[in-house]
Amino acid sequence: MVDDVIVGAGIIGLAHAYHLAIRGRRVAVFERSPRARGASTRNFGMIWPIGQPFGPRRELARASRSIWLQILVESGLWHEQSGSLHLAYHDDEAAVLEEFASLSRDHGDPVELLSPRQVHQRAARVKGEGLRAGLLSNAEICVDPRQVVADLPGWLHERFGVRFHFGRRVIGVEPGSIHAGSERIQTDRVWICAGDDLDSLFPDQYQALGLVRCKLQMMRSAALADGSRMGPMLAGGLTPRHYESFRACPSLPALRQRIARETPWFDEYGIHVMASQNGLGELTIGDSHEYGDAIEPFDQARIDDFILAYLHTFLDLPELAIASRWHGVYVKHPAEVYVTIKPIEGVVGVTGLGGAGMTLSFGVAQRVVQETLS
Ligand SMILES: Cc1cc2nc3c(=O)[nH]c(=O)nc-3n(C[C@H](O)[C@H](O)[C@H](O)COP(=O)(O)OP(=O)(O)OC[C@H]3O[C@@H](n4cnc5c(N)ncnc54)[C@H](O)[C@@H]3O)c2cc1C
């Protein structure tokens with residue numbers, strides 16, 4: 001008998017395990033794969049509060065970031081408080097960054113506008129030619145998603161006694177128990193953190209939520225040969241189109257219109273270009289966004305080409321060698337930052353964090369656990 005069974009060892013399952021275990025509860029996590037292989041291992045590793053709109057969502061991201069930091073320090077997992085740097089090479093991009101900086105000041109969450117010379121001091125690989133401005137934020141943290149998802153289970157086990165059962169698919173959930181293979185395990189509560197798997201457990205309830213599936217193409221480079229560090233995590237001029245936090249900027253529509261007119265393929269494939277660098281010196285580069293029925297099982301070489309061509313407009317990386325390519329899938333709700341289902345007594349499902357699941361994981365899990373157990 002355990003107090004809590006968690007279905008899924010992605011970051012949402014791990015965050016729930018943490019918040020339950022610190023309450024002294026006996027927690028067991030069941031993961032169908034030998035190790036988690038979903039969105040949580042396939043992302044940039046960007047803890048990215050700057051992408052969340054001012055107000056409650058930014059506060060949630062900030063709270064989540066604090067918990068992340070505490071865990072990263074305590075567990076000794078690699079991370080870098082590198083911050084983020086958005087770059088502007090067009091007047092409309094610079095206008096958006098200026099407006100964003102002003103809004104940030106108004107909300108008491110200031111960021112710094114940098115001149116091209118200041119950008120170069122922070123990030124020597126950023127191209128100076130045509131650069132108008134940079135927007136520096138100190139809040140963002142870089143983790144290595146592959147390492148975090150592989151190593152956090154060991155830490156949760158050693159520190160809190162959380163038990164992990166890898167290669168064990170949960171095939172049924174009832175009040176007070178789950179079925180994993182032929183085994184029935186008794187538990188007080190079940191927390192379903194199954195990511196984009198909406199078909200296996202309680203499919204009707206998930207179906208009713210109206211979640212949208214999104215596929216993203218990504219790449220990782222070999223370590224930079226000279227051992228150099230990139231500095232802050234980088235986002236090019238396409239990125240303000242993507243994050244809700246920039247929607248309050250009056251110049252954003254003009255930026256959007258120019259991109260749609262001059263380079264429509266970026267809209268067609270939902271491309272914006274960001275890069276993070278892990279502790280080994282490798283760059284994680286992406287990404288694209290294809291939704292719903294447009295999703296094919298096949299990755300498109302032209303999408304990678306568009307991403308890389310854009311990356312080279314702002315990063316001086318002549319030696320860049322791509323070491324791996326993959327895609328990831330997440331589910332997202334059109335309006336809510338995450339969704340929960342309570343299909344039967346004692347069972348909660350949590351998903352739908354879209355492209356902000358790494359950022360928000362520990363904050364959302366804290367809230368869901370608090371609300372459910374209080
Ligand atoms: C390419 C990409 C880039 C991203 N970049 C970022 C980023 O930089 N920053 C950020 O904040 N967010 C980012 N995100 C979003 C973030 O990765 C996701 O929101 C988050 O990882 C979702 O976590 P999850 O635990 O819900 O899902 P998952 O990571 O998919 O985990 C679900 C787990 O449940 C397991 N499972 C499912 N069903 C069962 C079952 N029946 N029994 C047992 N196990 C089961 C699966 O095997 C899986 O391991 C990105 C996403 C993608 C795809």
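**Figure 1. Radius of gyration of the protein chain in this predicted model.** A compact globule of 374 residues would have a radius of gyration near 21 Å. The protein chain has 21 Å, so the two agree. Along the principal axes, the C-alpha atoms fill a box of roughly 65 × 40 × 40 Å. Of the 374 residues, 46% count as buried. Take the contacts with a separation of 6 or more: residues 24 or more positions apart account for 76% of them. Ten helices and 20 strands make up the secondary-structure count of the chain.

**Figure 2. Crossing of helix 2 and helix 10.** Helix 2 spans residues 56-75 and helix 10 spans residues 357-373. Their axes come within 7 Å and cross at roughly 95°. Helix 2 is therefore roughly perpendicular to helix 10. From helix 2, the contact uses Leu60, Ala61, Ala63, Ser64, Ile67 and Trp68. Helix 10 contributes Thr359, Leu360, Ser361, Phe362, Gly363 and Gln366. Seven of these contact residues are nonpolar, five are polar and none is charged.

**Figure 3. Pairing of strand 3 with strand 8.** Strand 8 covers residues 141-143. Two bridges join strand 3 to strand 8, and the two run antiparallel. Met46 has Cys142 of strand 8 as its bridge partner.

How values were computed. Residues are numbered from 1 along each chain as its sequence is written. This is a predicted model: local features need pLDDT of at least 70, side-chain atom pairs count only at pLDDT 80 or more; totals for chains, interfaces and linings use all residues. Axes are lines fitted to C-alpha atoms, for helices over the stretch in contact, and angles run from 0 to 180 degrees between N-to-C directions. Helices (H or I, at least four residues) and strands (E, at least two) are DSSP runs, numbered from the N terminus. Angles under 35 degrees count as roughly parallel, over 145 as roughly antiparallel, 65 to 115 as roughly perpendicular and the rest as oblique. Two residues are in contact if their C-beta atoms, placed from the backbone, lie within 7 Å. Ala, Val, Leu, Ile, Met, Phe, Trp, Tyr, Cys and Pro count as nonpolar, Asp, Glu, Lys and Arg as charged, and the others, Gly among them, as polar. The radius of gyration is taken over C-alpha atoms; the globule rule is 2.2 Å times the number of residues to the power 0.38. A residue is buried if 20 or more other C-beta atoms lie within 10 Å of its own, exposed if 12 or fewer, and partly exposed in between; C-beta atoms are placed from the backbone. Two strands pair if DSSP finds at least two bridges between them.
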